[in-house]
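Subject: Structure handover

Hello,

Here is the structure I promised you. Please open it and keep it beside this email as you read.

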Amino acid sequence: MSNNNKQANAKRDDVKRGDDKRGDDKQGDDKWGDYKRHDDKRGDDKQGDDKWGDYKRHDYKRGDDKGDDDKGDDGNGGDGKLGDGKTVVLSFDDGPAPIGALKDILKTLRHEDIKAEFFVVGSEVEENPQKTKMIVREGHDIQNHSWSHVNLATASEEQVRMELSQTQDAIADATGVTATKVRPPFGAGGFEGNIDPELAAVAAELDLAIVTWDIGTVDWMTPEGLGPEKIANIENQFLQQPDKSEYNILMHVTEGTARDLPAFIEQLSDWGFTFGEPEMF
Ligand SMILES: [Zn+2]
């Protein structure tokens, strides 16, 4: 168990390092700039909340910004709800470990009858083949998130090939499934209009579609999970992309997310969203 904690900590550090290295991912930088700045100040929650609050008021000019209890019924240009006629697909990165979190997430999804997609780390699949198999047995999609969670945009083509092909093999060995998508760690090199050429070449060789996400929950950021400050941030991201009809929501296999997932699903339902199944491509 302490191994899991260590792993989780290492992961958070990875995320931080990845962000720092992401200078070549222009679109990613622009899109996630605000979250990254917040990330730099993590630990200072007050400041982050204030910033998000300002962001909301300035960008959306919501007439009656009552704050936390606002479910998005207002400020969405009418009496319609935020998610009316819209679909969300839930996706989870960085599994299968920690296994306790994975089990809880799978249990919640089973209870809610939601099919999600899991972008797994190849080295963790190799260590936990039976647990990886649970994902598939429960009817979820399993996809490629590299072997060792490196920044694929700065990796050599040979390294990218190793990262992706070894993970394809590990997933196939553990589950019998051939992954059809890769979500590069940190989204690095994967954002439309800024696709890393080596990543694109290797993904084509392996018949992998390169995907990112629409809604980043930053569930890994302290305080970990999907608490009220994350919900406000997520609501803003939906409001920023009003023309989309389907949103892929990025979460991670962490204890905090496992804990908060039932309430988050309820929140999404309250906003009016329908839960869609992931597509293979
Ligand atoms: Zn990741």
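First, a caution: this is a predicted model.

Start with Leu 268, which lies in helix H10. Is Leu 268 buried or exposed? Count its C-beta neighbours inside 10 Å: there are 22. The cut-off for a buried residue is 20 or more, so Leu 268 counts as buried.

What does Leu 268 touch, leaving aside its neighbours within four places in sequence? The contacts are Gly 83, Val 88 and Phe 273. Now look at Thr 87. Thr 87 and Leu 268 are 181 residues apart along the chain, yet their C-alpha atoms are separated by 9.8 Å.

Next, the core. The largest nonpolar core has 54 residues. Ile 105 and Ile 249 have the most contacts inside it. Several elements each supply at least two residues of this core, including strand E1 (87-95), helix H4 (99-112), strand E7 (246-252) and helix H10 (255-270). Nonpolar side chains tend to be buried together in soluble globular proteins.

Take Ile 249 by itself. Neighbours within four places in sequence aside, Ile 249 is in contact with Val 88, Val 89, Leu 90, Ser 91, Trp 213, Ile 215 and Thr 217.

Last, a helix pair. Helix H7 (residues 157-175) packs against helix H8 (residues 197-205) at an angle of about 45°, with the axes 9 Å apart. That angle makes H7 oblique to H8. The crossing is right-handed. H7 brings Glu 157, Val 160, Arg 161 and Leu 164 to the contact. H8 brings Glu 198, Leu 199, Ala 201, Val 202 and Ala 203. By type, the residues of this contact are 6 nonpolar, no polar and 3 charged.

Best wishes

Key. Residues are numbered from 1 along each chain as its sequence is written. This is a predicted model: local features need pLDDT of at least 70, side-chain atom pairs count only at pLDDT 80 or more; totals for chains, interfaces and linings use all residues. Axes are lines fitted to C-alpha atoms, for helices over the stretch in contact, and angles run from 0 to 180 degrees between N-to-C directions. Helices (H or I, at least four residues) and strands (E, at least two) are DSSP runs, numbered from the N terminus. Angles under 35 degrees count as roughly parallel, over 145 as roughly antiparallel, 65 to 115 as roughly perpendicular and the rest as oblique. A crossing is left-handed if the near helix is turned anticlockwise from the far one by less than a right angle, and right-handed if clockwise. Two residues are in contact if their C-beta atoms, placed from the backbone, lie within 7 Å. Ala, Val, Leu, Ile, Met, Phe, Trp, Tyr, Cys and Pro count as nonpolar, Asp, Glu, Lys and Arg as charged, and the others, Gly among them, as polar. A nonpolar core is a set of buried Ala, Val, Leu, Ile, Met, Phe, Trp, Tyr and Cys residues joined through C-beta atoms within 7 Å. A residue is buried if 20 or more other C-beta atoms lie within 10 Å of its own, exposed if 12 or fewer, and partly exposed in between; C-beta atoms are placed from the backbone.
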